[in-house]
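User: Hey, can you walk me through this one? I'd like to start with the fold and then get to the ligand.

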Amino acid sequence: MKTVKVHTTSPYEVCIARGLLASAGQWLAELTGSRVAAIIADDTVDALYGDTVARALGDAGFTVKRKTFTHGECNKTIATYAMLLDFLAENRLTRSDTVVALGGGVTGDMAGFAAATYLRGMAVAQIPTTLLAMVDSSVGGKTGVDLPAGKNLAGAFHQPIGVLCDPNVLITLPHDVFADGAAEAIKYGMLCDEALFHTLASAGYHQQLESVIERCVSIKADICAGDECDLGNRQLLNLGHTLGHAIERCSHYTMPHGHAVAVGMVYATRIAIGLGLCEPGCLPLLVEALQKNQLPTEAPYPMEALAEIALHDKKRAGDTLMFVLPLAIGQCKLVPVPVQRLPELAAMAAR
Ligand SMILES: NC(=O)c1ccc[n+]([C@@H]2O[C@H](COP(=O)([O-])OP(=O)(O)OC[C@H]3O[C@@H](n4cnc5c(N)ncnc54)[C@H](O)[C@@H]3O)[C@@H](O)[C@H]2O)c1
Ligand SMILES: [Zn+2]
């Protein structure tokens, strides 16, 4: 088994191994003294893995409560969140009991937010079941829900007591959902690990998923431990996200997050090349890595429109946008870019 320690204010471990799901009970029993657990999952994940986890917890002496909600980002709402709080209250969960978030990022964010706020905070254990949730969203303590005005607009920082990753569950993941996670993993390679980047650009990495997850989680853990509340270095994790979010918006959220981030990374690389910060040779390497993972490298929206939307992003400072720009594969930095230069820079680098 691989483990990664996350040194946040309340430290915890991410455990990664094939087949771990069946020992979720022993794992949780070592993390908490309480023997009451509430499993929250979406309907798809509950049907696939809910019974396995419930049985594992039951065998380890837990009284298990279960709640499901309809899958999908469109249900990451205040209404579903309120339903989860009602469920915790109706079942008289106490502050010492544990919410088990079993699922992708939608479940992790929403169950985490319910745990962060029910009785002013109870424990949450994360059992991610998508590649995106394993390499990214289950670690770092960001929880929340979407509002009609935008994504993730209500939430809280609430670190989990532990994270359990069983890559065997990824077998049932649809290919495009797997690709979303691959985009975030490639992001970690671009940010600070050239070897990881090349692994993800190679055909055989599905055989080494445990190492890939371990490496991504280690990078995220290091960045988050130094900046738990997202005030400084943690913004590096936004590589590909400034324009990625704008692309998601322009597509009316028909383009999935990871796909939009893939295009966002290509655009950020073009801008970096246009500014003379990045070697032109990085662009074809990135494009190839994304294409090998069935990810897009272009989106049909003009840069002016994307820049306009990105200006409303929370990282706005005057007429400049804070961009995470690659300097090389495995090296990035935060750079303020004047908004009016974006179309010119992107076009320059596209030639
Ligand atoms: N908290 C953070 O730091 C952070 C970071 C990145 C993304 N996010 C959030 O994560 C969310 C996206 O996460 P996601 O891509 O995991 O979405 P998701 O949770 O909606 O999962 C995608 C789909 O896959 C299904 N699924 C999950 N596991 C499965 C499995 N093992 N087999 C078959 N189907 C399975 C789900 O039912 C769902 O339909 C977004 O809401 C985003 O805002 C949060
Ligand atoms: Zn992301």
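Predicted model: local features only at pLDDT ≥ 70, side-chain atom pairs only at ≥ 80, totals over all residues.

User: OK, now ligand 1. Which residues are the closest?

Analyst: Asp-42, Glu-73, Thr-129, Thr-130 and Thr-172 are the closest of the 26 residues around ligand 1. To count as near, a residue needs a heavy atom within 4 Å.

User: What lies 2.7 Å from an oxygen atom of ligand 1?

Analyst: That's a polar side-chain atom of Asp-42. A polar side-chain atom of Asn-152 lies 3.3 Å from a ligand oxygen, and a polar backbone atom of Val-106 is 3.1 Å from one. A polar contact here is a pair of N or O atoms within 3.5 Å.

User: And how much of ligand 1 does the protein cover?

Analyst: 89% of the 860 Å² of accessible area that ligand 1 has on its own, by the Shrake-Rupley method with a 1.4 Å probe.

User: Which element gives the largest share of the shell?

Analyst: Helix 2, with four residues. Helix 2 (43-59), helix 4 (105-117), helix 5 (131-137) and strand 8 (150-157) are the elements that give two or more.

User: Switching topic: what's the volume of the second largest pocket?

Analyst: About 360 Å³, meaning the space filled by probe spheres set on grid points joined across faces, edges and corners. A pocket is an open set of points on a 1 Å grid over the protein atoms alone, where a 1.4 Å probe fits, with protein on both sides within 12 Å along at least five of seven lines; lining residues have an atom within 4 Å of a point.

User: Who lines the second largest pocket?

Analyst: There are 19 lining residues, and His-175, Phe-178, Tyr-205, His-206 and Gln-294 are the closest to the centre. Helix 6 (residues 175-192) gives the most, four residues.

Note on methods. Residues numbered from 1 in each chain as written. Chains lettered and ligands numbered in written order. Heavy atoms only, no water. Polar contact = N/O pair within 3.5 Å; in protein donor to acceptor, adjacent residues only side chain to side chain.
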